[in-house]
Amino acid sequence: MGFFRKHFTKMPADVQREGLGRWFEIVEERFMDIFWVNIATLGCLVPSIVCFMIMVGMKDFRWWIPGLILAVCAGPAVTAMHTICMRIVLRMHYWLWEDYKGCIRKEWRSSALLTFILGVFWSVYNLAIYLVWEVEGRIPLFLFVIFAVYGYLLVGVTMFSYQILSVVRLPLRYILKDSVLLIFAGKIRSVASVFLIITGAVFIYCQTLWTGIFIIVGGFGLMTMTTCLINENVIKQCMK
């Protein structure tokens with residue numbers, strides 16, 4: 001009863017919810033904002049996703065270059081979505097489309113460069129897994145452990161990099177450095193966030209039909225908002 005009372009009962013006007021209750025409060029009050037920035041951002045990402053799907057389906061690595069270029073072009077939109085979600089979580093005032101477009105205009109260079117760097121890291125990671133699988137027919141245990149650790153770190157760096165970029169203006173090298181440090185500083189929060197992202201990615205990969213529904217109802221935006229909420233206290237450290 002204590003957990004239910006803390007998170008779900010009606011709170012006084014001057015008392016702010018936290019945890020799970022805060023998540024439901026955001027969904028109740030701000031879902032349509034999250035839904036629309038989700039649609040706008042996915043619209044920017046669709047061309048690159050199509051290129052990578054063709055590359056994987058046809059095993060034609062020539063599609064990697066246009067896919068990466070299109071992903072880099074969509075990077076500012078991803079940062080803009082993180083900006084809106086972080087402002088919602090931090091209870092900051094915002095104008096939805098003005099701030100969304102304004103972030104794209106102001107941070108397009110940093111966002112594009114960050115997306116390019118992360119895109120190269122992810123490409124090398126996936127290529128390494130592909131080559132090992134093609135040569136060995138399986139992934140040996142010691143390589144599985146290495147890939148798992150590298151994947152965990154890469155997901156964490158990707159998540160924290162966009163979150164940091166959405167709230168503070170820093171040189172890119174410091175953003176990448178801080179994102180690595182926050183993976184360990186966040187402790188259980190970082191683990192929870194990375195687990196959420198990996199679970200969502202596996203779900204999207206395995207369930208084609210449900211992927212469409214997931215996207216339509218704003219799933220990408222909700223996942224972004226949720227990781228921002230989980231890491232709220234960690235990100236605040238970067239703002240001090």
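Predicted model: local features only at pLDDT ≥ 70, side-chain atom pairs only at ≥ 80, totals over all residues.
Visitor: Which helix gives the largest share of the nonpolar patch?
Guide: Helix 2 does, with three residues. Helices here are DSSP runs of H or I, at least four residues long, numbered from the N terminus.

Visitor: Which residues make that patch, and what is its area?
Guide: Met 32, Trp 36, Ile 39 and Trp 97 make the patch, which covers about 390 Å². Patch residues have over 30% relative accessible area and no salt bridge, and nonpolar side chains (Val, Leu, Ile, Met, Phe, Trp, Tyr) are joined within 5 Å, like charges within 9 Å. Areas are Shrake-Rupley values with a 1.4 Å probe, and for residues only the protein chains shown count as cover.

Visitor: On to charges. How many salt bridges are there?
Guide: The count is four, taking a side-chain nitrogen of Lys or Arg within 4 Å of a carboxyl oxygen of Asp or Glu.

Visitor: Which residue does Glu 25 pair with?
Guide: Glu 25 pairs with Arg 22, and their closest N and O atoms are 2.8 Å apart. Both are in helix 2 (residues 19-58), three residues from each other, or about one turn of the helix.

Visitor: Are Glu 25 and Arg 22 buried or exposed?
Guide: Both Glu 25 and Arg 22 are buried.

Visitor: And which residue does Asp 60 bridge to?
Guide: Asp 60 bridges to Arg 62, with 2.9 Å between the closest N and O atoms. Asp 60 is buried at 14% relative accessible area, whereas Arg 62 is exposed at 67%.

Visitor: What about Glu 107?
Guide: Glu 107 forms a salt bridge with Arg 169, the closest N and O atoms being 3.3 Å apart. Glu 107 is in helix 4 (residues 96-136) and Arg 169 in the loop between helix 5 (141-167) and helix 6 (172-185), so this pair ties together parts 62 residues apart in sequence. Glu 107 is buried at 9% relative accessible area, and Arg 169 is exposed at 66%.

Visitor: New topic: how many disulfides turn up?
Guide: A search of the whole structure finds zero, where a disulfide would be two cysteine sulfur atoms within 2.5 Å. For Cys 73, the nearest cysteine sulfur belongs to Cys 44, 9.8 Å away. For Cys 228, the nearest is that of Cys 85, at 5.4 Å.

Visitor: Is Cys 73 buried or exposed, and Cys 228, buried or exposed?
Guide: Cys 73 is exposed, at 57% relative accessibility. Cys 228 is buried, with 0%.

Visitor: Last one: where is Asn 231, and which side chain does Asn 231 have a polar contact with?
Guide: Asn 231 lies in the loop between helix 9 (219-230) and helix 10 (232-239), and Asn 231 is buried, at 0% relative accessible area. The side chain of Asn 231 has a polar contact of 3.5 Å with that of Gln 163 (N or O atoms within 3.5 Å, one able to donate a hydrogen and the other to accept it within protein; for residues adjacent in sequence, both must be side-chain atoms). A polar atom of the Asn 231 side chain also lies 3.0 Å from the backbone oxygen of Thr 227.

Note on methods. Residues numbered from 1 in each chain as written. Heavy atoms only, no water. Helix = DSSP H or I, 4+ residues; strand = E, 2+ residues; numbered from the N terminus. Buried < 20%, exposed > 50% of the residue type's maximum accessible area, 1.4 Å probe, protein only.
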